[in-house]
Amino acid sequence: MLQDIDAFPSSSRALAGRTVLQIVPDLQSGGAERAAIDIAQALHEAGARALVATTGGRMVSELQAKGGVWLPFPAATKNPLAMALNSARLARILREEGVDIVHARSRACAWIAYYAARRMGARFVTTYHSVYGGTSAIKQRYNSIMAAGDAVIANSQFTASHIAELYPAAAERVVVIARGIDLRAFSPAAVEPQRVERARAAWGVAPHQRVALLPARLAARKGHLVLIEAARRLVAEGLADVRFVCVGDAPNAGFRQSLAAQIARAELADVVLTPGYWSDMPAAYLAAAVAVAPSTTPEAFGRVAVEAQALGAPVIVSDIGAALETVLAPPQAPAREATGWRVPAGDAAALAQAIRAALELRPSERDALTARARRHVQAHFSIERMCAATLDVYARLLAGGAR
């Protein structure tokens, strides 16, 4: 269980017997998908029915094991005609299932859900899992649906500021709920050594080699090309016992090919590894000497930084977006309170320097850093905190409040 129901706010206990439907494009991987499953489990434990409308994916079995109900639904489509038809289809589901709240976790899903919820009289919630770009009028209109919720959940203060700047009329409906992780699963004590050994073996890392881990979908904005250049610099300086492992799906075949070409040009085929998706992330972080998240565009939250800190992997992030909230570092925090490193986005030289600093930590320095990092995560980014706050939003909406 996530937590005993008595530990949730009393207002959330009012959800017993209610039905909440979350809609997300798929359940393959990612922060929005993980949050949908976590909230489904919390709803189930609170006595509510937790429906998730989605095309499906590898995480469906986990959803069902945790008490959620999968409704096969073509939620990933962005075709306007299909979306209109799907909105009518979703409205019928809301009526037949007696849905009280619809919670959308992406823009296309939100457009489908908005009209269905309004037609059926259900409350409508959105979560900003990303800071959506686009300067054209059409793109801004498309993005605006995320600010149309009866409650608009921002996953960081950075995201909340972004919403308030673009959609000031929505400011009074915004509530900040940081993404939470399961600190029991993301704990060194919970991971058997065999799981760590299995990860390293699957990646092709030798026992004597250290790992610099970049766990993210293979996408330009995640900073893989920056890491390759940092790796090239470090190898040229004589660093020979480190393997740079990039685990994650490759949804864009073109980028995967360009990434492979860049690795080949840098003559790093045996140094920078891209083994694909890896499900056991706690073991992955424990296998790492350092974790990196060198995003080139602002992250709305940055789950990698939080997970790595929870597992005791020194973490390096780009100094943009919500990184100022997830990783404490100078100048916002004194060095003695730092929980990781922040470097300028796109700066391969700075990233290489930070990786070297993390690898050269003395054992006592590393122990102190990881202890501070885990305390920081425990205080601000637990799954219990996220779930309790989200269920409280649901309960307040049902009671007639705005938040």
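Predicted model: local features only at pLDDT ≥ 70, side-chain atom pairs only at ≥ 80, totals over all residues.
A residue is called buried when its relative accessible area is under 20%. The buried residues of α2 are Ala32, Glu33, Ala35, Ala36, Ile37, Asp38, Ile39, Ala40, Gln41, Ala42, Leu43 and Glu45. Because twelve of its 15 residues are buried, α2 is largely enclosed by the rest of the structure. The cover over these buried residues includes the strands β1 (19-23) and β2 (49-54) together with the helices α3 (60-65) and α16. The length of α2 also agrees with expectation: at 1.5 Å a residue it should span 21 Å, and its end C-alpha atoms are 21 Å apart. Just after α2, Gly47 adopts a positive phi of about 90°.

One cavity of 30 Å³ or more is found in a search of the whole structure, and the volume of the largest cavity is about 110 Å³. Its lining comprises 13 residues, with Arg105, Thr127, Ile153, Ile177 and Met386 closest to the centre. By class, this lining divides into six nonpolar, five polar and two charged residues.

Two or more lining residues come from each of α13 (323-326) and α16 (383-398). The lining of the second largest pocket has seven nonpolar, five polar and two charged residues.

Methods: Residues numbered from 1 in each chain as written. Heavy atoms only, no water. Helix = DSSP H or I, 4+ residues; strand = E, 2+ residues; numbered from the N terminus. Nonpolar A, V, L, I, M, F, W, Y, C, P; charged D, E, K, R; others polar. 1 Å grid on protein atoms, 1.4 Å probe; cavity = no way out; pocket = protein on both sides within 12 Å on 5 of 7 lines; lining within 4 Å. Points joined across faces, edges and corners; volume = space filled by probe spheres on them. Expected span 1.5 Å × (residues − 1). Buried < 20%, exposed > 50% of the residue type's maximum accessible area, 1.4 Å probe, protein only. Contact = heavy atoms within 4.5 Å.
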